[in-house]
Structure formats: structure tokens, C-alpha cells
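The following note is intended for a colleague who is meeting this structure for the first time. Please read the numbered points with the sequence and the model at hand.

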Amino acid sequence: MLNQQLRLTITKWSENGEEVRRTINLRVVGILAETRSEADSSMFVRLDDLTAWNEWVRGQRYNRNRDGYEM
């Protein structure tokens with residue numbers, strides 16, 4: 001899959017309960033060795049991109065200094 005293009009679809013629901021989807025094009029730039037743990041199903045992306053996706057889903061700006069981040 002190295003250097004292949006992938007499509008990631010993220011979903012949120014509007015205030016009316018309607019499903020809203022956003023498709024994001026990604027390119028695989030590296031593959032980590034298998035560890036036979038939960039991490040094997042993980043995807044690593046730039047923090048700025050992840051923040052933008054979370055802001056789209058939440059519908060509000062994200063303040064990393066105030067809210068921090070989990071990982």
C-alpha cells in the first residue's frame with residue numbers, strides 16, 4: 001500500500017439529524033512493523049489535519065492550549 005491513495009470518509013450529523021459526510025484523500029507514506037497489539041489498526045496523521053477534521057465534526061474551533069489532546 002506504500003504510496004497508494006486512500007479515501008477516508010468522516011461523518012457527522014446536523015442539528016436536523018441529517019448525515020453529513022466529508023471525504024479526505026490521503027497518501028500512504030510509511031508502514032510500521034506489526035506489533036500484534038491495538039496499535040496495528042492505527043493511522044498516523046499530521047496533528048494540524050486531525051485538528052481540522054475534529055473542528056469540522058464538532059462545529060467549533062479547538063483550543064489545544066486549553067483542551068490539550070489525548071495522544
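1. In this note, a contact means heavy atoms within 4.5 Å. By that criterion, and leaving aside neighbours within four places in sequence, Arg27 is in contact with Asn3, Gln4 and Gln5.

2. The model is predicted: local features need pLDDT of at least 70, side-chain atom pairs count only at pLDDT 80 or more, and totals for chains, interfaces and linings use all residues. Residues are numbered from 1 along each chain as its sequence is written, and side-chain values use heavy atoms, with hydrogens and water left out.

3. Helices (H or I, at least four residues) and strands (E, at least two) are DSSP runs, numbered from the N terminus. Strand 1 (residues 5–13) and strand 2 (residues 19–27) run antiparallel and are joined by nine bridges; two strands pair if DSSP finds at least two bridges between them. Trp13 has Glu19, in strand 2, as its bridge partner. The hairpin formed by these strands has five residues between them, and within this hairpin Gly17 takes a positive phi near 85°.

4. Arg27 belongs to strand 2. Arg27 counts as partly exposed because its relative accessibility is 47%; buried means under 20% relative accessible area, exposed over 50%, and partly exposed in between (1.4 Å probe, protein chains only). Its side chain is joined to that of Asn3 by a polar contact of 3.3 Å. Such a contact is a pair of N or O atoms within 3.5 Å; within protein, one must be able to donate a hydrogen and the other to accept it, and residues adjacent in sequence count only if both atoms are side-chain atoms. Arg27 and Leu47 are 20 residues apart along the chain, and their C-alpha atoms are separated by 16 Å.

5. Two backbone angles deserve a reader's attention. Most residues other than glycine have a negative phi. Asn3, in the segment before strand 1, is not a glycine, yet has a positive phi of about 70°. Arg36 likewise has a positive phi, near 60°, in a residue other than glycine. Arg36 lies in the loop between strand 2 and helix 1 and counts as exposed, because its relative accessibility is 73%.

6. Is Thr51 buried or exposed? With a relative accessible area of 13%, Thr51 is buried. Thr51 is located in helix 1 (residues 47–58). Residues up to four places away in sequence not being counted, Thr51 touches Tyr62 and Arg64.
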